[in-house]
Amino acid sequence: MMHLNLLRLGACRVPSRLMSTKSTSVEINDKTGVAILSMCRPPVNSQNVQFLRDLKSSIYEIENNKSRGLILTSANSNVFSAGLDILEMYNADKEQLGTLWTELQNVWIALYGSGLPTAAAINGHAPAGGCLLATACEYRAMLPNCVIGLNETQLGIIAPKWLMSGYQNILPQRLAERALTQGRLFTTEEALKAGLIDEIVNSKEEALEKCLNFIGTFAKVNPLARSLTKLQFRAANIKEFEKIRQKDVEDFVSLASRPEVQKVMGDYLENLKKKSKK
Ligand SMILES: CC/C=C\C/C=C\CCC/C=C/CC(=O)SCCNC(=O)CCNC(=O)[C@H](O)C(C)(C)COP(=O)(O)OP(=O)(O)OC[C@H]1O[C@@H](n2cnc3c(N)ncnc32)[C@H](O)[C@@H]1OP(=O)(O)O
């Protein structure tokens, strides 16, 4: 209840500090100390190089400002994030592909490895890279009638191991393996049943409130002890990622630049465009 009141106050009276980049905005409530990081790259928060750089710098800014927690959400009405910007992968040269993948890695490690309590207010669809961001957080509240999941195998591509880490943290191994091999997109209701999200909410405001309450559960816990404990759980995945990070970029570039993969992207884009014109 107290957190709810603080959130309400945050909307009107409590002073808050604002920071923004071209495609993100950050509001830190001075009373709660919690930062709300909103992704705002219309129409679907697709992740191009600039967006990923903005996201990374906002995450580090929040971390360096000693905020009490980070809530990730979207400024768009029905999409949390549509994942990597396919327009930026299609017909791109190897250098562009390498830069895109490196920036995706950078954002993931910034969020997954953050010592702060992190929560995702998933106020829309979260396929692929959108799911990657949500599952890098510690808690998820999601609106009904949306989808979330890692659908890479449906596109004929493989999610590397680090990209699966969020799933592995959250889902039982058998379920994670099945969902990843199927490239399954979960509806909100299925995601709750599987444990991929923590709560279903009826509005973005309620999602933010639940996230704030989650972060509030650490109010009496020593922040350093909390953060080190969290990172102990994540250390093996992080270490493994650091070992293969450069090779992973090379593998991605080699896969994504193959003519047959480029053709899949082109067809996929065309279908998306046809669908959006209907
Ligand atoms: C296809 C990739 C193939 C190979 C890649 C090779 C290696 C990659 C290695 C593995 C890593 C993968 C990580 C990824 O993130 S890949 C991206 C996967 N993303 C998706 O599959 C989501 C696609 N989008 C949707 O399903 C829907 O758009 C969504 C449910 C998110 C929202 O639906 P809604 O009805 O609200 O909007 P739309 O009308 O569909 O879209 C509006 C406009 O936005 C464009 N759009 C949508 N998604 C993307 C995207 N990911 N990249 C670029 N543009 C996107 C869509 O075309 C519409 O554009 P306009 O027609 O209005 O111009």
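At what angle do the axes of helix α6 and helix α7 cross, and within what distance do they come? In this predicted model, the axes of α6 (residues 161-170) and α7 (residues 173-182) cross at roughly 140° and come within 9 Å. The legends below treat this pair and three further views.

**View 1. Contact of helix α6 with helix α7.** The two helices are oblique to each other, because angles over 145 degrees would be needed for them to count as roughly antiparallel. The crossing in which α6 passes α7 is right-handed. From α6, the residues Met164, Tyr167 and Gln168 take part, and they meet Ala176, Ala179 and Leu180 of α7. By residue class, this contact of α6 with α7 comprises five nonpolar residues, one polar residue and no charged residue.

**View 2. Helix α4 and its buried residues.** Helix α4 covers residues 94-112, and its 19 residues should span 27 Å at 1.5 Å a residue; the end C-alpha atoms are 27 Å apart, so the two values agree. Buried positions in α4 are Leu100, Trp101, Glu103, Leu104, Gln105, Val107, Trp108, Leu111 and Tyr112. An α-helix has 3.6 residues a turn, so residues three or four places apart point the same way. The partners against which the buried residues of α4 pack include the helices α2 (49-64), α3 (86-89) and α5 (129-136), as well as the strand β5 (118-122). Helices α6 and α10 (223-256) are also among these partners.

**View 3. Contact of helix α4 with helix α10.** The axes of α4 and α10 cross at roughly 165° and come within 8 Å. Angles over 145 degrees count as roughly antiparallel, and α4 and α10 are therefore assigned to that class. Their crossing is right-handed. On the α4 side, the contact is made by Lys94, Leu97, Gly98, Trp101, Thr102, Gln105, Ile109 and Tyr112. On the α10 side, Arg234, Phe241, Arg245, Val249, Phe252, Val253 and Ala256 take part. The residues of this contact of α4 with α10 divide into nine nonpolar, three polar and three charged. Trp101, Gln105 and Tyr112, listed here for α4, are also among the buried residues of that helix.

View 4. Apart from neighbours within four places in sequence, Arg226 is in contact with Phe218 and Val221. Leu84 lies 142 residues from Arg226 along the chain, and the C-alpha atoms of these two residues are separated by 32 Å.

Conventions
Residues are numbered from 1 along each chain as its sequence is written. This is a predicted model: local features need pLDDT of at least 70, side-chain atom pairs count only at pLDDT 80 or more; totals for chains, interfaces and linings use all residues. Axes are lines fitted to C-alpha atoms, for helices over the stretch in contact, and angles run from 0 to 180 degrees between N-to-C directions. Helices (H or I, at least four residues) and strands (E, at least two) are DSSP runs, numbered from the N terminus. Angles under 35 degrees count as roughly parallel, over 145 as roughly antiparallel, 65 to 115 as roughly perpendicular and the rest as oblique. A crossing is left-handed if the near helix is turned anticlockwise from the far one by less than a right angle, and right-handed if clockwise. Two residues are in contact if their C-beta atoms, placed from the backbone, lie within 7 Å. Ala, Val, Leu, Ile, Met, Phe, Trp, Tyr, Cys and Pro count as nonpolar, Asp, Glu, Lys and Arg as charged, and the others, Gly among them, as polar. The expected span of a helix is 1.5 Å times one less than its number of residues. A residue is buried if 20 or more other C-beta atoms lie within 10 Å of its own, exposed if 12 or fewer, and partly exposed in between; C-beta atoms are placed from the backbone.
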